[in-house]
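User: I would like to learn how to read the features of a structure like this one, starting with the ligand. Could you take me through them slowly?

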Amino acid sequence: MPATTSVKLNTGAVMPTVGLGTWKSKPGQVEHAVEFALKNGYKHIDTAAGYQNETEVGQGIKASGLPRDQMFLTTKLDNTDQRHPAKALEASLKKLDTTYLDLWLMHWPAPMTKDGQADKGHDWLDTWKAMEDLYLAHPEKLKAIGVSNFSVEYFERLLKVARVVPAVNQIELHPSCPQDDVVEYCQNRGIVMTAYSPLGSDNSPLLKNETVTKIAAKYDVQPANVLISLHANKPMHTVLPKSVTNERILNNAKIIDLTPEEIGELHDIDKTHHFRACHPSWTGFGGLGFPDCK
Ligand code: A2P
């Protein structure tokens, strides 16, 4: 199939395929990155309360001059806010200086205390129920809700009781972490995948991988374009390349069509070069049901 430029959520809303990722984008840099991206064709920005840059992302959005209704904005409920999501939502809206979110995600199914310990006395499923309540009561504030870092095992538990099927599952996805099981599970249920760390995050070996560089040479693009385009070439996928560098932000928006054989070759990389840029064990809840993290 030709690469997509947008996908449709289970709410009927349209989500642009490529968004600017801002994990690790620091205040002082992220304002400009967001402004520059929105002034140069991006219409989708992803942030999180946990990235501690929502205020600056909001400033970048304002500085771009792009009307709010012409972009798709995602933020995430921090692990440390799972006991009080309503308050956390208001704080995110205020920092981002917006009246609504296009998408609000539970960042991890891993409640944590303020001092960063696993909060084993709180159930993330109760957090999801509270997010559903907020979504159903405040359609003017929340256009869609979803999850992030959810494995099949955690989805099985969620979907048994969910009143709202998550619109999106945002997970680490790249050729060294293809996560076929949860991708297939979500696709069968109309849940859109969003790929974070599509390049493999900082200093990624994927940018030098010989399969990636070979395909990049064939199409006369950078390795990053191949890695980003991989997701745009799949149904129901969106992708969040992160950069704070002007030329890279411009470059990363260029999507190419890949052949099924090239997609297969990229997927084979995982057989010999598996890695995660962000292992779920940092949360204190082990592997969170991901088969490669057991
Ligand atoms: P920077 O933000 O300094 O430009 P990911 O999207 O997988 O999280 O990867 C982000 C990392 O990749 C950052 O270190 C970012 O650097 C770098 N990066 C972003 N775009 C490119 C590109 N086109 N070529 C090489 N590195 C890139």
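User: How many residues surround the ligand, and which are the closest?

Analyst: A residue is near a molecule if one of its heavy atoms lies within 4 Å of it. Here 18 residues surround the ligand, and the closest are L199, D202, K242, S243 and T245. Before going on, please keep in mind that this is a predicted model, in which local features need pLDDT of at least 70 and side-chain atom pairs count only at pLDDT 80 or more, while totals for chains, interfaces and linings use all residues. Residues are numbered from 1 along each chain as its sequence is written, and side-chain values use heavy atoms, with hydrogens and water left out.

User: What does UniProt list for H107, and is H107 buried or exposed?

Analyst: UniProt positions are given in the numbering used here, feature names are shortened, and annotations may be inferred rather than shown by experiment. The unreviewed UniProt entry lists H107 under "binding site". Buried means under 20% relative accessible area, exposed over 50%, and partly exposed in between (1.4 Å probe, protein chains only); H107, with a relative accessible area of 10%, is therefore buried. Helices (H or I, at least four residues) and strands (E, at least two) are DSSP runs, numbered from the N terminus, and H107 is found in the loop between β5 (103-106) and α4 (124-137). Contact means heavy atoms within 4.5 Å, and, not counting residues up to four places away in sequence, H107 touches A48, Y51, K76, L77, N79, S148 and N149.

User: Where is N53 found, and what does its side chain reach?

Analyst: N53 is found in the loop between β3 (44-46) and α2 (54-64), and because its relative accessibility is 0%, N53 counts as buried. The side chain of N53 reaches the backbone oxygen of T22 at 3.1 Å. Leaving aside neighbours within four places in sequence, N53 is in contact with residues including T22, S25 and A48.

User: Which residues of helix α10 are buried, and why do they count as one side?

Analyst: The idea is to look at an arc, which is that of the directions from the helix axis to the C-beta atoms. In α10 (residues 260-272), E262, I263, L266 and I269 are buried. They cover an arc of only 110° around the axis, so they lie on the same side of α10. These buried residues pack against α7 (210-219) and α8 (223-232), whereas the face turned away from the buried side carries the exposed residues P260, E261, K271 and T272.

Terms used
A polar contact is a pair of N or O atoms within 3.5 Å; within protein, one must be able to donate a hydrogen and the other to accept it, and residues adjacent in sequence count only if both atoms are side-chain atoms.
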